[in-house]
Amino acid sequence: MRKFNVGIIGATGMVGQRFLLLLANHPWFEVKRLAASANSAGKKYKDAVKKWHLSPAMPEKYADMTVYDATADREKIAKEVDFCFCAVNMKKDELKELEYSYAKLECPIVSNNSAHRATGDVPMIIPEVNAEHLEIIKAQRKRLGAKRGFIAVKSNCSLQSYVPLLHPLKKFGIKEVAVCTYQAISGAGKTFETMPEILDNVIPYIGGEEEKSEKEPLKIWGEIRGSEIVPAAAPKITAQCLRVPVSDGHTAACFVRFAKKPSREEILKAWKEFSGEPQRLALPSAPKQFLHYFDEDDRPQPALDRNSEGGMAVCAGRLREDSVYDYKFIGFSHNTLRGAAGGAVLLAELLAAKGYFG
């Protein structure tokens, strides 16, 4: 695989910082351009970053790189990279136009943002679950008048804690799902220092999160019809989402009703044997064992399990029969690795392996 030159739009934020850590020694991708808001443009990266939130420290190779204006310098950036990751904090309409503009400049965008998740010809990918949806890129390019530019997005970070666990069980006919997600503060781009109100507290509202949790899985499980992805009609999903005092890692309490109730052993077997395109292609960021099940009653836990397979595995535990639904279980994933930057890097690897950047 040849090296691809990469840009990061939104490089100064928490997800942008995570991208830099993941790409510092990546075998396929080399970061060539960093971009952020006009306030950061022209500065060295180490001066533009107000606070480095992550561990380990900022990679030295990026410290003296010049930060570009993501909007004003878009033509220059698009000419100098093979594709861009995008993780910016902008109004939805402005963000949609920004991503469109890069795609029309023939610069593919791998987006961590929500702006285009509902766009019919933009694939929203969990690489192990719906890699076939990349085929819609041909229709999107035709609409945009682009030859190699396009937009591909990853799903909402909290979905990673339960949708991958539900996916292998679809063969049993999932009818209804109830899920409650307990989401880490890094999902809001916060730390305990910048979000003191979360200490000794739970906040039972995250704007827009419940709608995403109920609708986005249906697009992921949808099918391509003509020039768009049509969301699946089932299962019915209801969700509640809470912000909890955890630094990293989203937990999900999930309840499922089936058309044909499987045995507990059949569910565990389906999870253990499940793998997808990233495993078949041996992509650099792909976990070897995608789904991990813990037999212990008190697992998975964020503090113990967030870094399973480099933070790219999805964990489960406490599978048992339920008195109202058929089964209930706990799901868990690292929200800024599998759920955000890591998931986007894995998506980019999938796109590269399938020739979409060529």
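The points below cover a helix pair, one further helix and some backbone details.

1. A word first on the source: this is a predicted model.

2. Two packed helices are described by the angle between their axes and the distance between the axes. For H1 (residues 14-23) and H12 (residues 337-353), the axes come within 9 Å and cross at roughly 55°. The two helices are therefore oblique to each other, and H1 passes H12 in a right-handed crossing.

3. Which residues meet where H1 contacts H12? From H1 come Val 15, Arg 18, Phe 19, Leu 22 and Leu 23, and they meet Leu 337, Ala 340, Ala 341, Gly 342, Ala 344 and Val 345 of H12. By class, this contact has nine nonpolar residues, one polar and one charged.

4. Helix H5 (residues 92-104) has 13 residues, which should span 18 Å at 1.5 Å a residue, and its end C-alpha atoms are 18 Å apart, in agreement. Its buried residues include Leu 95, Leu 98, Tyr 100 and also Glu 99. Among the elements covering the buried residues of H5 are strand E1 (4-9), helix H4 (74-80) and helix H6 (137-144).

5. Do look at the positive phi values. Glu 106, in the loop between H5 and E5, has a phi of about 70° although it is not a glycine; this residue is partly exposed, at 23% relative accessible area. Arg 318 is found in strand E14 (residues 314-321) and has a phi near 55°; Arg 318 is partly exposed at 36%.

6. Finally, the peptide bonds. The bond from Ser 55 to Pro 56 is cis, with omega near 5°, and Pro 56 sits in the loop between H2 (45-48) and H3 (60-63). The bond from Ala 234 to Pro 235 is cis, with omega near 5°; Pro 235 is in the loop between E10 (228-230) and E11 (236-243).

Notes:
Residues are numbered from 1 along each chain as its sequence is written. This is a predicted model: local features need pLDDT of at least 70, side-chain atom pairs count only at pLDDT 80 or more; totals for chains, interfaces and linings use all residues. Side-chain values use heavy atoms; hydrogens and water are left out. Axes are lines fitted to C-alpha atoms, for helices over the stretch in contact, and angles run from 0 to 180 degrees between N-to-C directions. Helices (H or I, at least four residues) and strands (E, at least two) are DSSP runs, numbered from the N terminus. Angles under 35 degrees count as roughly parallel, over 145 as roughly antiparallel, 65 to 115 as roughly perpendicular and the rest as oblique. A crossing is left-handed if the near helix is turned anticlockwise from the far one by less than a right angle, and right-handed if clockwise. Contact means heavy atoms within 4.5 Å. Ala, Val, Leu, Ile, Met, Phe, Trp, Tyr, Cys and Pro count as nonpolar, Asp, Glu, Lys and Arg as charged, and the others, Gly among them, as polar. The expected span of a helix is 1.5 Å times one less than its number of residues. Buried means under 20% relative accessible area, exposed over 50%, partly exposed in between (1.4 Å probe, protein chains only).
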